[in-house]
Amino acid sequence: MNSAEAPKIKRESKNKIRVDFERTPLLQRLRAKFLNLYTLKKVLWYLFRLLLLIGVSYIILFPFFSKIASSFMSESDFVDVTVRLIPKSPTLTTYKAIIVDNQYFKAFGNTFLLSLICGLLQTFICCFVGYGFAKFKFKGSNILFLIVIFTMVVPHSTLRLSMFMKFKDFDILGIMSLLNKVGAISKPGFQLLNTNWPLWILSATGLAYKNGLFIFLMRQFYKGIPDELEESAYLDGSGVFKTFFTIIIPLSVTMMVTVFLFAFSWQWTDTFYTNVFYTQTGPLLLTKIVKTPASLMEMSSASSTLYSAAIKNTCGLLIIFPLIILYLFGQKFIVQGIERSGITG
């Protein structure tokens, strides 16, 4: 048998099997196709994955659905035992009271300005520091980077009192304290509490919340950039700063956007630093509106505590809603930034 006849015989065999199978009764064909061990395994595995995903989705999404549903409930819905999730008398009273009484838009503007400036400052300073750790070798660099990593594991509550006292009488080099001791001035430092300056100063110096993590991410990213790009720029006469701003920064836009989104989001929902640096006389922030509006105090007292909890949950929804919008537009940058920072190094 030569090689030219082999494909012809194989094709004829397949055609014969197909014709025989088509002549078989439909019931037998269905049994042969579906009632076998391979198909049974595939069906069972598909059902298992489907049920697992439904169960996990229910556990994750149910709290959000219950909070959203309760935000549209009226007081009568909470005292009605027949109401579980779907309100009988849906209303927007809770949203209106929070927006008006708690000055939601004013708090939104203050929080947006604070988070935006902090996010921009942290992004730039973490890029600058991360680039230095990645591309420059100097004496003590490993020790300094170890200190940066150490800031990621130190509980922030241990620094609460020291940060409060530092910005209560802020003095950079101790000059004002010295002048105060000799009687030249009346105050030992600047009073920066109840202002945005403490958070802006911490962000500009790379000491704000999660800045150690941002520096680590930028260092890992910059270590993956070939040194030949910088060497070619140096040969063309560019200095370190010109190379950084004209070559390195354009290459790290994706990672910078990722760091900015993280910094903005964490500052947006921060309660630790706002409780340290702001009192009741400070600027109105979104984290301060989680309370029962005055117009609903009498209504909530007539019902159960579930109504007060639903009001606070509604405040939480109004706080995280802008972050959801931000995530929808920045999801691509977050995924790309994490991938690029985690592969190298």
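What is the volume of the second largest pocket? About 320 Å³, in a predicted model where local features need pLDDT of at least 70, side-chain atom pairs count only at pLDDT 80 or more, and totals for chains, interfaces and linings use all residues. Residues are numbered from 1 along each chain as its sequence is written, and side-chain values use heavy atoms, without hydrogens and water.

A pocket here is an open set of points on a 1 Å grid over the protein atoms alone, where a 1.4 Å probe fits, with protein on both sides within 12 Å along at least five of seven lines; lining residues have an atom within 4 Å of a point. In the second largest pocket, 17 residues form the lining, and Ser70, Met73, Phe78, Arg84 and Leu306 are the closest to its centre. At least two lining residues come from each of α3 (37–71), α4 (75–79) and α17 (305–343).

The largest pocket holds about 550 Å³ of space. Its lining counts 27 residues, with Thr151, His156, Gly206, Leu207 and Ala208 closest to the centre. The largest share of this lining, 5 residues, is supplied by α7.

Asn102 sits in the loop between α5 (93–101) and α6 (104–135). Asn102 counts as buried because its relative accessibility is 5%, the limit being under 20% relative accessible area with a 1.4 Å probe, protein chains only. A polar atom of the Asn102 side chain lies 2.9 Å from the backbone oxygen of Ile289. Ile289 is also among the contacts of Asn102 (heavy atoms within 4.5 Å).

Definitions and conventions: Helix = DSSP H or I, 4+ residues; strand = E, 2+ residues; numbered from the N terminus. Buried < 20%, exposed > 50% of the residue type's maximum accessible area, 1.4 Å probe, protein only. Polar contact = N/O pair within 3.5 Å; in protein donor to acceptor, adjacent residues only side chain to side chain. Points joined across faces, edges and corners; volume = space filled by probe spheres on them. Lists of a residue's contacts leave out its neighbours within four places in sequence.
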